[in-house]
Amino acid sequence: MKVAIASGKGGTGKTTLATNLASYMAETESVVLADLDVEEPNSGLFVQGDLFHQETKYKMIPEWNSKTCSHSGNCQAVCNFNAILSLPDSVMVFPELCHGCYACSELCPTNSLPMRPKPMGELKHFQAGDLDFIESRLMIGEEQAVPLIKQTLDYIAAGFPVDVVKILDSPPGTSCPVIEATKDADLVILVTEPTPFGLHDLKIAVETVRQLGKEFTVVLNRFGIGDDGVIRYCEDEGIDLIACIPNSRAIAEIYAAGRLIYPEVPDVKRAVETIADFILRNRKGR
Ligand code: SF4
Ligand code: SF4
């Protein structure tokens with residue numbers, strides 16, 4: 001059971017929900033929490049544990065062999081990502097732009113572009129009771145989040161049975177990294193806030209998950225500020241809005257101190273319980 005926590009924009013409370021939900025569910029279930037926001041993972045501010053495993057993750061990029069190159073220009077022509085430049089006397093590879101698709105390497109007529117591993121990030125696996133917390137972090141200067149997200153999901157798939165609940169804290173937005181993080185999820189929970197910006201970005205996120213054919217639901221964070229636009233939108237579109245997390249100074253203070261909120265705020269605990277029930281009912285229905 002894979003549950004992706006996503007949002008159309010950053011700062012809506014996605015990580016707050018992911019960490020509180022995973023920690024709450026781990027009181028009675030085996031749960032994996034994965035921070036897939038690899039450019040800026042911050043679930044670890046709220047969830048600690050003992051380091052169980054750590055590994056460097058690599059991506060494959062081509063390395064030019066000047067001795068065998070016939071300067072055909074083929075590599076530049078086949079690269080869809082402008083990651084390789086064929087000049088009259090040399091070939092330049094731009095590792096930050098390379099998606100490691102192997103096209104240039106496979107189609108080079110003189111085998112002058114063998115693929116070589118290049119470190120792109122670190123994966124860390126922590127354990128705290130029944131909660132396994134996995135965090136991947138891109139190295140500074142690395143721009144491709146997708147390969148690291150994919151490898152993190154592969155690590156989870158290889159290490160945990162299918163019936164374990166996996167909470168995937170996805171990157172914000174609706175671009176390639178969030179598609180990679182949500183495309184295999186059984187359920188996507190879209191976190192939004194009751195403001196015109198929240199509604200605008202929620203609509204884009206809804207369009208995205210509908211195109212992916214995903215089952216999804218909405219959680220409204222900071223309930224009490226703004227307006228009722230999100231609630232009316234969900235009613236009009238027939239979208240389940242399963243929980244509202246209230247806006248309060250107490251929540252903000254607990255968050256700022258890096259603590260979990262549900263143990264201290266009954267309204268948040270009720271919201272998290274409702275979401276957990278929804279997930280478990282969904283799992284049983286499969
Ligand atoms: S495809 Fe191969 S032979 Fe042609 S320019 Fe690129 S590296 Fe050289
Ligand atoms: S591996 Fe793919 S993305 Fe990278 S330079 Fe070659 S063709 Fe471009």
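1. Start with ligand 1. It has 15 residues around it, and C69, S72, N74, C75 and C108 are the closest. A residue counts as near a molecule if its C-beta atom, placed from the backbone, lies within 6 Å of it. This shell holds seven nonpolar, eight polar and no charged residues. Here Ala, Val, Leu, Ile, Met, Phe, Trp, Tyr, Cys and Pro are nonpolar, Asp, Glu, Lys and Arg are charged, and the others, Gly among them, are polar.

2. A word on the model. It is predicted: local features need pLDDT of at least 70, side-chain atom pairs count only at pLDDT 80 or more, and totals for chains, interfaces and linings use all residues. Residues are numbered from 1 along each chain as its sequence is written, while chains are lettered from A and ligands numbered from 1 in the order in which they are written.

3. How is the protein chain divided? Domain 1 covers 2-56 + 121-284, and domain 2 covers 64-113. These bounds come from an automatic or database domain assignment. The C-alpha centres of the two domains are 39 Å apart.

4. Now the overall build. The protein chain has nine helices and eleven strands. Helices (H or I, at least four residues) and strands (E, at least two) are DSSP runs, numbered from the N terminus. Along the principal axes, the C-alpha atoms fill a box of roughly 70 × 45 × 40 Å.

5. Burial comes next. Of the 286 residues in the protein chain, 42% are buried. Buried means 20 or more other C-beta atoms within 10 Å of the residue's own; exposed means 12 or fewer; partly exposed is in between; C-beta atoms are placed from the backbone.

6. Which residues touch the most other members of the largest nonpolar core? They are I5, L21, L33, I167 and L190, in a core of 62 residues. Apart from it lies another core, of ten residues, including C75, I84, C98 and C108. A nonpolar core is a set of buried Ala, Val, Leu, Ile, Met, Phe, Trp, Tyr and Cys residues joined through C-beta atoms within 7 Å.

7. Finally, K124. It lies in strand β6 (residues 115-128). K124 is partly exposed because 18 other C-beta atoms lie within 10 Å. Its C-alpha atom is 5.9 Å from that of H53, 71 residues away along the chain.
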